[in-house]
Amino acid sequence: MFLVFIFDRDYTVSGIRRRKADANMFGRKHNSHDDQDHAALPHQEKVEELRAAIGPLSGRSFMFCTDACLRRYLEAWNWNVDKSKKMLEETLEWRATYKPEEIRWPEVATEGETGKVYRADFHDREGRSVLVLRPGRQNTCSHDSQLRHLVYLLENAIINLPQGQEQMVWLIDFTGWSLRNSVPIKTARETANVLQSHYPERLAAAFLYNPPRIFESFWKIVKYFLDPKTFEKVKFVYPKKEESMGVLRKSFDFQMLPEDFGGESNVHYDHEEFARLMAKDDAKSAAIWGEDQLPEHLRSHIW
């Protein structure tokens with residue numbers, strides 16, 4: 001979750017320098033002179049250059065590496081082909097080992113019992129998938145299971161994006177959250193690595209709803225580690241501040257937004273109903289990934 005990235009940080013000078021060199025949370029850019037030179041070429045030419053650099057692919061790696069996918073990795077590294085290639089190759093290796101597309105709901109259902117993370121049954125005004133995160137509802141202590149649950153829902157949000165959309169939105173409710181029920185350092189570290197390394201440019205916006213003051217103090221430090229583009233995606237929302245709530249109104253129909261986020265909908269997370277939905281989506285995922293010869297225009301709808 002977004003939180004785990006923030007609470008596992010090394011605030012030493014060396015730690016800051018290291019993160020500036022290699023961190024890439026959801027598409028963090030690295031603005032060196034060399035990167036700017038790379039960005040000067042037409043983008044499609046860069047996509048073709050990256051495709052040639054990674055060489056022939058087959059199976060699920062072939063499916064994953066659509067032109068849209070390659071563009072996201074290039075954008076994450078300011079269109080630097082060498083850096084994008086390294087990052088993409090690491091993702092392909094990770095996906096071949098971790099097999100995120102093969103995770104099924106029964107494997108992670110226990111993690112979802114409290115509704116701490118789930119895909120909402122509504123979208124933002126752009127029609128994008130929405131993940132609702134409630135870190136105060138943490139109900140397990142298994143590092144591996146927590147990570148697989150989050151990865152499962154990231155993959156699920158992606159396969160449910162409408163055609164033409166590549167990004168999702170996060171709504172993070174801080175009700176009940178405290179340092180006591182925050183995730184362990186090990187989980188935080190690996191979760192941050194997965195998000196920043198294997199899902200670049202997948203986040204459109206993250207709305208942090210009513211965060212406590214202790215969180216804000218951490219954010220004052222963390223924000224300096226983010227490039228302007230990533231920083232602008234994170235929105236703090238406070239229910240007692242109308243101007244702040246206006247940020248949500250621009251992105252969501254309040255008739256569809258849950259009351260927990262200041263909206264008008266009284267719909268709440270139903271674990272059994274969500275399980276039925278995930279069973280259907282598991283079948284959808286199996287159908288998508290079972291064929292490695294889909295035409296580009298169909299594959300690009302997903303990746």
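**Charge pairs and cysteines**

Modeller: Arg-134 and Asp-173 are both buried. Keep in mind that this is a predicted model.

Biologist: What do Arg-134 and Asp-173 form?

Modeller: They form a salt bridge, with the closest N and O atoms 2.6 Å apart. Arg-134 sits in the loop between β2 (130–133) and α9, and Asp-173 in strand β3, so the pair ties together parts that are 39 residues apart in sequence.

Biologist: How many salt bridges does the count come to?

Modeller: The count is 18. One of them links Glu-166 to Arg-72, with 2.7 Å between the closest N and O atoms. Glu-166 is in the loop between α9 (143–159) and β3 (168–173), while Arg-72 is in helix α6 (residues 67–76), so this pair ties together parts 94 residues apart in sequence.

Biologist: Is Arg-72 buried or exposed?

Modeller: Arg-72 is buried, at 5% relative accessibility.

Biologist: What do the side chains of Arg-119 and Asp-281 meet in?

Modeller: A salt bridge, at 2.6 Å from N to O. Arg-119 belongs to strand β1 (residues 117–119) and Asp-281 to helix α14, so the pair ties together parts that are 162 residues apart in sequence. Arg-119 counts as buried at 10% relative accessibility. Asp-281 counts as buried too, at 5%.

Biologist: Now the surface. Which residues form a negative surface patch?

Modeller: Asp-121, Asp-270, Glu-272 and Glu-273 form it. Patch members must have over 30% relative accessible area and no salt bridge. Asp-270 has 36% relative accessibility and counts as partly exposed.

Biologist: Where is the place of Asp-270?

Modeller: Asp-270 is in the loop between α13 (242–251) and α14 (271–289).

Biologist: Is Cys-69 buried or exposed?

Modeller: Cys-69 is buried, with a relative accessible area of 0%. Cys-141, by contrast, is exposed, at 73% relative accessibility.

Conventions. Residues numbered from 1 in each chain as written. Predicted model: local features only at pLDDT ≥ 70, side-chain atom pairs only at ≥ 80, totals over all residues. Heavy atoms only, no water. Buried < 20%, exposed > 50% of the residue type's maximum accessible area, 1.4 Å probe, protein only. Patch = residues over 30% accessible without salt bridge, like charges linked within 9 Å, V, L, I, M, F, W, Y side chains within 5 Å. Areas by Shrake-Rupley, 256 points an atom, 1.4 Å probe, with all protein chains shown as cover. Salt bridge = Lys/Arg side-chain N within 4 Å of Asp/Glu carboxyl O. Lys, Arg positive; Asp, Glu negative; His and termini not counted. Charge placed at Lys NZ, Arg CZ, Asp CG, Glu CD. Helix = DSSP H or I, 4+ residues; strand = E, 2+ residues; numbered from the N terminus.
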